[in-house]
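Trainee: Before we go through the features one at a time, could you show me the sequence and the model?

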Amino acid sequence: MTSSRWWKRLSLGIVLLYSLRIGVAAVDGAETPAAAGARPQSAQSGPGDASRAVADPQAAGIASGRIAGPPGDPIKPTAGSLPLSPLVRTTDLLTLLEKHSRPTADPKAFGILFERLLAPAGFASSEVVAFEENAVFSYAVADAYRPDLTGKEPLGGLRRLTRHVLLLKPDCLVIDDVWATAAAGPKSGEFRVIGADGADVTRSYSLMDQGHRLDWLLLPTGGPSAHDRPWPSFHRESRATYVFIYSTAADKPLAVSVEGQKLSVGQRVYELSLSRWPAWLYGNSALAVSGPKGEAILAKRVLPTGVLPHDEEGLRLLERWDAAYRGAGQPSWEIDRASSDLAAAVESGELRPCGVIELGCGSGANAVFLAKKGFQVTAIDIAPGALRRAEERAKREGVRVDWLLADVLRLPSLPPAELIYDRGCYHGVRRTAAAGYVEAVGRLTLPGARVLLLAGNAEDRSPGGPPRVTQQQLQNDFGALFSEQWLRRTKFDQAERDAAGVGAWSALWVRKPYPPPSELPKLSGLPDPLTFVDGSPVRTPEDWYARRRPELKALFSQYVYGYAPPPAALTAREVHKDENVFGGKAVLREIQLTLRKRPDAGPARGGSAPADGADSPVAVVHLALFTPKQADRRFPVFLSLNQCGNHAMTDHPTVRFDAEAFRSPDCLKKGDQIGRGGQKDFWCVDYLIERGYAFAAFHQSDIAPDVHDFTKGIHARYQLPQQKESWWGTIAAWAWGLQRAVDYLIDDPQIDPRRIALIGHSRRGKTALLVAAFDERVALVVPHQSGTGGMALSRGNDQETVERINRVFPHWFNDLFPEFNDREEHLPVDQHLLVALVAPRRLLDTEGELDKWANPDSAWRNLQAAQRVWRFLGSRGLQSEAPLTEPARITADNAGPIVQYRRNINHTLVREFWEAILDYADLHLTPASR
């Protein structure tokens, strides 16, 4: 930069480019200049939260590649209340840059950054989710989320601000803000710089203050955030990335240039990559720093995803661990190959491909080994140098591993894994933080997950080596949450394969199931969908998707429906095609889906394989698929189980006749079996074709007969690793079969994979709801008159009770569900939580006013309770204060993402229902709604 005019020209161009995209209105409720002096704590925090939370960034403990230091400097509690506001004050910036940007590690940096740049924007210290301090930079990420759950705002009143702060020592500061509101909620905010007098000086881009100079510019990387979201989103996001340059008035202003994400300031070049938070979902942020001749001051490396140690002792130990990975050599604990205990467990089949998190991954030999064997790997270490080497290793081997820089005792909110692997982390951490380590591993696992770790063996008295533990210490630490599968004496591998290693324990633990029903407490009211089992709140949408959804799925599997096996390998074959259905308006294709166990599924641990050959099918599904007769189009599709066979859905003569379905006692009508076309007025397939929808169905007995006898059907084909009382019932088996049909439909050339809808009547409605709750590929579900175990709540059900449904249909659910007969208040879940798992996708509950047994009033209470999650995720809830009833029509004004529609009818499905269902689908089953 050669003059202040250069700043103005660059800034003006950038502002003109992005002003229309970012907007100029201040965030609704943002701090006014008069309130600029307040540094309040979060509106969600309790008294004294700011002081308490900032003093809790790190528990003690040192491990192989893992460090945890004493608490950081406490910050005085702040007073007042401030909404999230993307602003900074020039006085705070000058103070920070003048006194705290020395090229040295500062143990007070955490408190200073929070005090100057995060608290004024409305963050609580507990909302600082990542932090690192060293001689080259200070880095902090704060993520605050303020949802409105009162229902007063049409889309929940969401407001969220994520702020990256990157202090590039000695004279450059980057602030990257991403803020979001619900699509129809408060207006998006705008980054603001507030001067000493309280005036907005955002677009001044330069100021002089008592001998100090501050210049700033908006990077071209700002503007609306662009990324592929793996889940539906109803949030409107904006982004701004500002760079502040500090100098004294006597100095010549630093030359500044911007090229993409490369920022040149004076004699230094910074290559920035600030990714959307959280890193496990959107990828790591990264930084590289080079000097005037291109020499590396800081080689490109990832930025942390958790709070790293930052007091004096923590900084010293962190530097020691990272220094071990600098230079050409390698630490003594690195052996440059997979650990033999891990390799043996994988090669023997004891560990099969699954989602795995490695704690203390070092230079990545184990993580890369697992990735090459088909595991989905997230690897975590605290040493940036280790991760740099690990990334290079993965690139050489051509595998994908998600690398995260974090401390095991301060991990981000990650999705649970089926396997945790730890070679040498636990035995160091346990000396001062055993409980914290086990708690962290507990958050990363659900019942049935396994932990394989290698730890020093205290029985080995040889000098040197890692910290060591006794057998009793291992069992004491893990015994509360985990069951021991093995505990073996072994040796640590050495870099030289024939060298004698130090004694070790190889321990494999299995996460225990949830408590038996008899030990569950009685709950008052419905369980809260936005509170974890451990009592902590669900704070963000990522918390919901990463942890609460898997937790709820596990709870429903454990206590209600039962655990199902992994997806089967599927082979599809078209066995029949008729292009002249419904007077030439439709094409019928009959697809035979052959399902086989995947090679990595194997028999259960401790179980035996089925008597027949390993390659024999576990099920054969006869899927009838009707599509409108229009070439080169993809259609939305309704998928369902049927009760009486494909031939009963239409009288078209070429539809496969299912003799087993025909003989079913469920398919009697006035003493006669329901034959071809006997349910055509129930399914109205010709009407769906007329409205432009495809339809697919198969008979339920292709998966499992509707009888209390598990010697036939899919149940006899699998032995599951969970306790037998929680094995899958018939509804879970049917749901598993429907998911295999979805596996096929998403690849069918005439089906739009974004517009798959499920519908089911009665017990098949329960099944459709379970599939939609567990499988996010389903865009819309219509659980028609599904009753108890479906849309009706278990608590307070004055029609079919839990006791009655378990007595009459004992095979529908698992063997633990009957233990809640007449004690529904002890259930840790209820059906509103199953419905909430559908959010923010579409759910149309169709009911009959005369069908009291299905309890439409209870289903309505269900929707009222579940809509909190739709609002929490930024979507709308119910659009009416009462169910829609005939003769009302479904319209865009009265039918949002969830709705109940009733007709004055009993327990059946008729064309009038289909008219309402397809009216709703026309509104919501579109690519835009996904």
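This is a predicted model: local features need pLDDT of at least 70, side-chain atom pairs count only at pLDDT 80 or more; totals for chains, interfaces and linings use all residues.

Mentor: Residues are numbered from 1 along each chain as its sequence is written, and side-chain values use heavy atoms, with hydrogens and water left out.

Trainee: In what order do the strands of the open sheet of 5 strands stand?

Mentor: Strands are DSSP runs (E, at least two residues; helices are H or I, at least four), numbered from the N terminus, and two of them pair if DSSP finds at least two bridges between them. Here the order is β12-β13-β14-β15-β16, with antiparallel pairing. Because β12 (256-259) and β16 (296-302) each have a single partner strand, they stand at the edges, and one side of each is left without a neighbour in the sheet.

Trainee: How many residues lie between β25 and β26 in their hairpin?

Mentor: There are 4 residues between them, and F582 in the turn has a positive phi of about 55 degrees. The strands, β25 (residues 569-581) and β26 (residues 586-596), run antiparallel and are joined by 10 bridges, with R589 in β26 as the bridge partner of K577.

Trainee: Is H647 buried or exposed?

Mentor: Buried means under 20% relative accessible area, exposed over 50%, and partly exposed in between, with a 1.4 Å probe and protein chains only. H647, in the loop between β28 (635-642) and α13 (659-662), has 0% relative accessibility and therefore counts as buried. The side chain of H647 reaches the backbone oxygen of C644 at 3.4 Å.

Trainee: What kind of aromatic pair do W216 and F244 form?

Mentor: Rings of Phe, Tyr and Trp (its six-membered ring) pair if their centres lie within 6.5 Å, and planes under 30 degrees apart count as stacked, over 60 as edge-to-face and the rest as tilted. The structure holds 30 aromatic pairs. W216 and F244 form a tilted one, at 5.9 Å centre to centre and 40 degrees between the planes. W216 lies in strand β10 (residues 212-218) and F244 in strand β11 (residues 235-248), so the pair ties together parts that are 28 residues apart in sequence. Both W216 and F244 are buried.

Key
A polar contact is a pair of N or O atoms within 3.5 Å; within protein, one must be able to donate a hydrogen and the other to accept it, and residues adjacent in sequence count only if both atoms are side-chain atoms.
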